[in-house]
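I set aside this notebook page for what I looked up in the structure below.

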Amino acid sequence: MEWDAEPVRPSDTTIESSLGAVSVSRTQPKKILGELNPNEATLAQLQGLPGIGPTIAQRIVDERTDGPFQGPDDLLRVKGIGPSRLEKLRPHLKF
């Protein structure tokens with residue numbers, strides 16, 4: 001029996017080096033390209049924002065239980081988000 005379809009390839013990357021082939025697993029969340037509402041985003045989605053890792057993502061989730069973020073400046077309530085990080089986030093946020 002012959003198959004016409006292309007074989008399914010894993011999403012991991014194989015890198016050839018002088019030491020042989022090395023498989024690199026993509027365990028990092030994908031970075032978002034559009035806008036994200038931090039009041040509704042999941043923990044994984046928040047980690048897709050530039051400069052946001054698991055710790056700050058959890059802090060965002062925890063902080064929004066005290067009340068929704070009305071705009072980008074409200075994210076300054078989150079420990080670890082200062083003016084510099086907020087400027088990197090602004091283009092990716094919607095409220």
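**Entry 1: terms and source.** I count a contact when heavy atoms lie within 4.5 Å of each other. The model is predicted, so I note that local features need pLDDT of at least 70 and side-chain atom pairs count only at pLDDT 80 or more, while totals for chains, interfaces and linings use all residues. Residues are numbered from 1 along each chain as its sequence is written, and side-chain values use heavy atoms, with hydrogens and water left out.

Entry 2: I looked up what Val78 touches once residues up to four places away in sequence are set aside, and found Ile56, Arg59, Ile60, Glu63 and Phe69. For burial I use relative accessible area: buried is under 20%, exposed is over 50%, and partly exposed is in between, with a 1.4 Å probe and protein chains only. This core has 16 residues, and those that touch the most other members are Leu46, Leu49, Ile52, Ile60, Leu75, Val78 and Ile81. At least two core residues come from each of helix H2 (54-64) and helix H3 (83-89), and H2 gives the most, with four residues. Helices here are DSSP runs of H or I with at least four residues, strands are runs of E with at least two, and both are numbered from the N terminus.

**Entry 3: Arg64.** What does the side chain of Arg64 reach at 2.6 Å? I found the backbone oxygen of Pro38 at that distance, which I record as a polar contact, meaning a pair of N or O atoms within 3.5 Å; within protein, one atom must be able to donate a hydrogen and the other to accept it, and residues adjacent in sequence count only if both atoms are side-chain atoms. Arg64 has its place in helix H2, and it is buried yet without a salt bridge, the nearest side chain of opposite charge being Asp62 at 8.1 Å. In that search Lys and Arg count as positive and Asp and Glu as negative, while His and the chain ends are not counted. Beyond its neighbours within four places in sequence, Arg64 is in contact with Pro38, Asn39, Glu40, Ala41, Leu46, Phe69 and Arg77.

**Entry 4: salt bridges.** Side chains of opposite charge can pair when their charged atoms come close. I call it a salt bridge when a side-chain nitrogen of Lys or Arg is within 4 Å of a carboxyl oxygen of Asp or Glu, and by this rule I count three.

- Arg77 and Glu63 meet through their side chains at 3.0 Å, N to O. Because Arg77 lies in the loop between H2 and H3 and Glu63 in helix H2, this pair ties together parts that are 14 residues apart in sequence. Arg77 is partly exposed, at a relative accessible area of 37%.
- Arg90 pairs with Asp73, with the closest N and O atoms 2.6 Å apart. The pair links distant parts of the chain, 17 residues apart, with Arg90 in the segment after H3 and Asp73 in the loop between H2 and H3. Arg90 is partly exposed at 30% relative accessibility, and Asp73 is partly exposed at 47%.
- Arg90 also pairs with Glu87, the closest N and O atoms being 2.8 Å apart, and Glu87 is partly exposed at 48%. Through shared partners, the salt bridges join Asp73, Glu87 and Arg90 into one network.

Entry 5: Which residues does Asp73 touch, not counting residues up to four places away in sequence? I found Leu86 and Arg90. I also noted that Asp73 and Pro83, 10 residues apart in sequence, are 8.7 Å apart from C-alpha to C-alpha. Leu43 lies in helix H1 (residues 43-46) and is partly exposed, at 33% relative accessibility. Its contacts, leaving aside neighbours within four places in sequence, are Ala57, Gln58 and Val61, and the C-alpha atoms of Leu43 and Val61 are separated by 7.2 Å although the two are 18 residues apart along the chain.

**Entry 6: the chain as a whole.** I read three helices and two strands, in the order β-β-α-α-α along the sequence. The chain has 95 residues, of which 26% count as buried.

Technical notes
Core = buried A, V, L, I, M, F, W, Y, C linked by side-chain atoms within 4.5 Å.
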